[in-house]
Amino acid sequence: MTNPAPETAPVLPIAGDQPDYLHWTSGVSSWLFTRDHKRIAIMFYVAVISMLGLGGFFALALRTELLTPGRTIMDATTYNRLFTLHGVTMVWLFLIPSIPTVFGNFLVPIQIGARDLAFPRLNLASFYIYLLGALVTIGGMVAGGTDTGWTFYTPYSDQTPTRLVPVLVGIFILGISSILTGLNFIVTIHRLRAPGITWRNLPLFTWSIYATSLILVLATPVLGMALGLIGLDHGLGLGLFDPAVGGDPVLFQHIFWFYSHPAVYIMILPAMGVISEIVPTFSHRRPASYMAIVVSTIAIAFVGFLTWGHHMFVAGISELDAGFFGALSMFVAVFSAIKVFTWVMTLRRGSIRFNTPMLYFFAFLFLFVFGGMTGVAVATQSLDVHWHDTYFVVAHFHFIMVGGSLTGFLAAAYYWFPKMFGRMYDERVGMVGAAAVFVGFFVTFMPQFLLGNMGMPRRYYSYPAHFQWLHVLSTAGAFILGSALLLALGNLLVALVNGKRAIANPWHSRSFEWLTTSPPPKNNFGATPNLSYSPYDYSLTEEQARAQASSR
Amino acid sequence: MPKPLLGEQYSDLEQQDGALQFGMWVFLGSELLLFSALFALYASYRSMYPADFEQAIRHNTLVYGTANLYLLLTSSLCAALAVWAMRRGRPRLTLGLLATTIVMGLGFLVIKGAEYLVHIREGALPGRYYHWHELPSFGANRFYSLYWVMTGLHALHVTAGLCVLGWLSLRVMKGAYSVEHHAGLEMGTLYWHLVDIVWIFLWPLLYLS
């Protein structure tokens, strides 16, 4: 592996000199009807960032309302609709599609040396299906609105006077988009790898997208069925989960969480994949164990299917079931810890550079470990009985979803920005943004742990006066976080126009996507590269790696 | 023989055909999970209301379900033979077999429709609309709610499958497939086999007591 290609080997122009993907054609229709995975990724980028803005705006409205125990800016019904809208928007319109459809779409084909995904037209279709789903969901929310929370629990969802069906239809459509995206990645990663790439040197980000895709394909249909049935229950009085006619509401929870717990891993595994790329690059060192990261990725995807019952400890499942679900949930923590230790061990004796993506990694590390540890706590039955449906759980899952997934998303946005747009961002502003995101996040959600432990139930409109100072603190944090996100994303927008031109490999990474030009040409590489070495082999110099990739 | 278009992401047609078929298998896996949620619900409610389920199943007309089973199984055989005929370079035989498959699929829907009419007339309807006098129980209500959802979803799949088969027939008529390259034909018939397999499981659950 460490042997460079002999100097006499013919060197192919792997980067090529074709125009880059942003410029090879122009015009609105060349974007709207494109089949290029990179352009589709950019369209997804615009869409999911808009959804993040929307969901964030809802969050700020909610936090503003919670400044005072009584009415601040909205009535209770509006509040109930708004937290449902916040959850639905963030889960299905931002977090689930975020990293896979943007960075997965852009980078998986490049990381495996392919020219595109296996089914480019399907990829474009999945973008438009996503847009349609987003329109129906948000339209349904605005026109009728629903107040069940994003979990749609029966029997309340059978009876709610708000209009549930349009929202369910919208999420169902989004599910179709998810399945098609996952299917496309699975086939691409199996069938389109360049010569030399095996399952043993597949880049770790691609591995994480692969594991995520398996969950997308296998869990999403069950969500579709759960939502379909709840829609029939609500709209047509099917009564499948209605206790008034002998239905069992707990069965709905089983089916719902069979998707929605693995969905947590749909959100976090890609972020872990991003981190697994950033740590070796900025430590200039191969991961402490490539296999440990791969195995724990697949293990989390697998065990994730067997833990859904931990959402239902107080819903009336048997103690034996609860015991199994609790123990299996803790397995996820074991595999996550393996990853965390591997990343930390990779830092050891590495030559570390502190760029913005690396700063996000440190934020991720702290927040994810914090969120993970509280996850083990709530997976313990006796503790969960106390914390169930309180702000403690809210804080826990926001530590994973925002502290983990959103931080991972931002890390990816900064790390791959030069590759995607061919420009460098302002490092100082980037670092200030990363620090501010961390502080804002911590101030928002740390008080919520305390509130939850004191007994503040989630989704309540009002609360006793002595909780107020913690709520005010949390709201202040939310506004810091909101401004920090604007700063972080604004910095990238400015760089899009004003940034310095980026070279092919500004981070001196060995990962395969940095072999091609920034931004890449339409077909990603001039000629199919030969990628028979490890993407983390830092014993090769950049020139040696390039020669190896160009050799036949 | 015309050759299918090669997508620029593939290096040759073999790779493209393989990717298409593999994609279909992944999609079928996803479809199975869609039905599995219903099977899980069926198992739960049956264990909750065993006696009511027994009675409701005995009431269902076995002849309808079994006739449909034979129809679908035979149609699936025809679909498989259609691919076999294409491999032997006999596209007209393929076309005939596809047509037979379609006729049998339509026959399935006709029989299913007749059975639905019987259920509607006697009031064995799902949920709120259930008013069948012989079995006024929660359990029977749950059974018929599931019966309608499961067979309804399956019938939707049969309909989708028939559209796919119709489209395949048009493609065969246009001469789009050859002895070497007929990935589309294999994908479409694979989907039809899924429709068949699901019914193999629905039949004992809904008709055999």
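# A walk through chains A and B

Start by selecting G455(A): this residue, just after α15(A), takes a positive phi of about 110°. Keep in mind throughout that you are looking at a predicted model.

**Back up into α15(A).** Select residues 427-454 of chain A, which make up helix α15. Its 28 residues reach 41 Å from the first C-alpha to the last, close to the 40 Å expected at 1.5 Å a residue.

Now bring in residues 356-378 of chain A, helix α11. How do α11(A) and α15(A) pack, in angle and axis distance? The angle is about 10° and the axes are 9 Å apart. Angles under 35 degrees count as roughly parallel, so α11(A) is roughly parallel to α15(A). To see the contact itself, show side chains on T356(A), L359(A), Y360(A), A363(A) and L367(A) from α11(A). Across from them, on α15(A), pick E427(A), G430(A), M431(A), A434(A), A435(A), V437(A), F438(A) and F441(A). Colour that set by class and you get 10 nonpolar residues, two polar and one charged.

**Jump to α2(A) and α3(A).** Hide those and select residues 37-65 (α2) and 76-111 (α3) of chain A. Here the packing angle is about 155°, with the axes 8 Å apart. The cut-off for roughly antiparallel is over 145 degrees, and therefore α2(A) and α3(A) fall in that class. Turn the view to look from one helix through to the other, and you'll find that α2(A) passes α3(A) in a left-handed crossing. Colouring this contact by class gives 23 nonpolar, seven polar and two charged residues.

**Finish where the chains meet.** Show both chains and select the contact, which takes 27 residues from chain B and 32 residues from chain A. On the chain B side, the elements giving two or more residues are α1 (13-48) and α5 (138-173). Which of the elements gives the most to that side? Select α1(B), which supplies 17 residues. By class, the chain B side has 12 nonpolar, 11 polar and four charged residues.

Conventions
Residues numbered from 1 in each chain as written. Chains lettered and ligands numbered in written order. Predicted model: local features only at pLDDT ≥ 70, side-chain atom pairs only at ≥ 80, totals over all residues. Helix = DSSP H or I, 4+ residues; strand = E, 2+ residues; numbered from the N terminus. Expected span 1.5 Å × (residues − 1). Axes fitted to C-alpha atoms, helices over the stretch in contact; angles between N-to-C directions. Parallel < 35°, antiparallel > 145°, perpendicular 65-115°, else oblique. Left-handed = near helix turned anticlockwise from the far one by under 90°. Nonpolar A, V, L, I, M, F, W, Y, C, P; charged D, E, K, R; others polar. Contact = placed C-beta atoms within 7 Å.
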